[in-house]
Amino acid sequence: MKSVFRLERLVVLALKTFMILIILCPILYAMNVSFMTTPEIFKRPPTLIPSSFLLTSYRQALKTAPLFRYLFNSFVMASSVMIGQIILASMAAFSFSHFKFKTKQIIFMAFLATMMIPAESLVISNYLTIGDMRLYDTYLAMILPNLASAMSIFFMRQAFMQIPTALYEAARIEGCSNFRYLFTMLLPMSKGSIGAICIYTFIKAWNAYLWPLLVTNKTNMRTVQIGVGMLYDREAASYNMIMAGIVIVLIPSIIVFIVGQRQILSGSLSGAIKG
């Protein structure tokens, strides 16, 4: 039995290692190419490790496009979307999990049904709305359409339903208001789900391309994904410069994912326990 158990563990470990390599190989290759010279990239047979780790491609990428400005714009947009979704989703989830009204299930199912609507089908209506509000080339234009998320509401509702209702009743008896209970008691006890939603939302907003491209025309309002596209569209663009820009764009999202990977796991598991 022990030998069979060890064999199973080895097989599982081998599969995990294989999957990790599949995920990491493109990232590592992009990093290697960003340090290579142009002749090394097209060398035959190809080389995987650069002969010297030069920062010339990174300097060229930063000179070609204002990536630091784009990083700031993306950070402002992603952080605002993340905070806004947590606030709105927590209030909606609190209503669905603690209040009783006749149409609660119907409204909640209607919220969940919006997850089946492709985001691309809403682009035109959102674009016209932003135009009517005269918000082009502003942070609000990139943030407002992404503040509401049915998935965030669902996960927050599942997390709130795991907390005993007796705690809410006791707090109400002591004179605690709904907002005070939500922000001082309920949210601190749902850190796992909040962390998972924060990571998912931040990375999704960070990688957004189509919507920021539509609502921004000024160069100083572009985001990092558009900045990488600008590097690619240059006439004299080189692969090592493009890869350098991609690595610069990837670093923040990788850091956020590494820091919050435990919250992603715990939040996903807590949302699946009780329906």
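Trainee: Which residues of α8 meet α11, and how do you know that they are in contact?

Mentor: On the α8 side there are Ser152, Phe155, Met156 and Ala159, and they meet Ser193, Ile194, Ile197 and Thr201 of α11. The test is heavy atoms within 4.5 Å. Bear in mind that this is a predicted model. Sorted by type, the residues of this contact are five nonpolar, three polar and no charged.

Trainee: What makes α8 roughly antiparallel to α11?

Mentor: Helix α8 covers residues 150-161 and α11 covers 191-206, and they pack at an angle of about 170°, with axes 10 Å apart. Angles over 145 degrees count as roughly antiparallel, so that is the label for α8 against α11.

Trainee: How do you know that the end-to-end span of α8 agrees with what its 12 residues should give?

Mentor: Take 1.5 Å times one less than the number of residues. For the 12 residues of α8 that should come to 16 Å, and the end C-alpha atoms are 16 Å apart, so the two agree.

Trainee: Why is α8 called largely enclosed?

Mentor: Buried means under 20% relative accessible area. Nine of the 12 residues of α8 are buried, so the rest of the structure largely encloses this helix. Among the buried ones are Ile153, Phe155, Arg157 and Gln158.

Trainee: Which residues have the most contacts inside the largest nonpolar core?

Mentor: That core has 56 residues, and Met156 and Phe160 are among those with the most contacts inside it, along with Leu67, Phe94, Tyr181, Leu186 and Trp206. Helix α4, residues 67-98, gives the most to this core, with 13 residues.

Trainee: What does Tyr181 touch, leaving out residues up to four places away in sequence?

Mentor: Its partners include Phe94, His98, Ile163, Tyr168 and Leu186.

Trainee: Now the loop between α6 and α7. What makes the phi of Arg134 worth a look?

Mentor: Most residues other than glycine have a negative phi. Arg134 is not a glycine, yet its phi is positive, about 60°. Asp137 is found in the loop between α6 and α7 as well, and its phi is near 60°, also positive.

Technical notes
Residues are numbered from 1 along each chain as its sequence is written. This is a predicted model: local features need pLDDT of at least 70, side-chain atom pairs count only at pLDDT 80 or more; totals for chains, interfaces and linings use all residues. Side-chain values use heavy atoms; hydrogens and water are left out. Axes are lines fitted to C-alpha atoms, for helices over the stretch in contact, and angles run from 0 to 180 degrees between N-to-C directions. Helices (H or I, at least four residues) and strands (E, at least two) are DSSP runs, numbered from the N terminus. Angles under 35 degrees count as roughly parallel, over 145 as roughly antiparallel, 65 to 115 as roughly perpendicular and the rest as oblique. Ala, Val, Leu, Ile, Met, Phe, Trp, Tyr, Cys and Pro count as nonpolar, Asp, Glu, Lys and Arg as charged, and the others, Gly among them, as polar. Buried means under 20% relative accessible area, exposed over 50%, partly exposed in between (1.4 Å probe, protein chains only). A nonpolar core is a set of buried Ala, Val, Leu, Ile, Met, Phe, Trp, Tyr and Cys residues joined through side-chain atoms within 4.5 Å.
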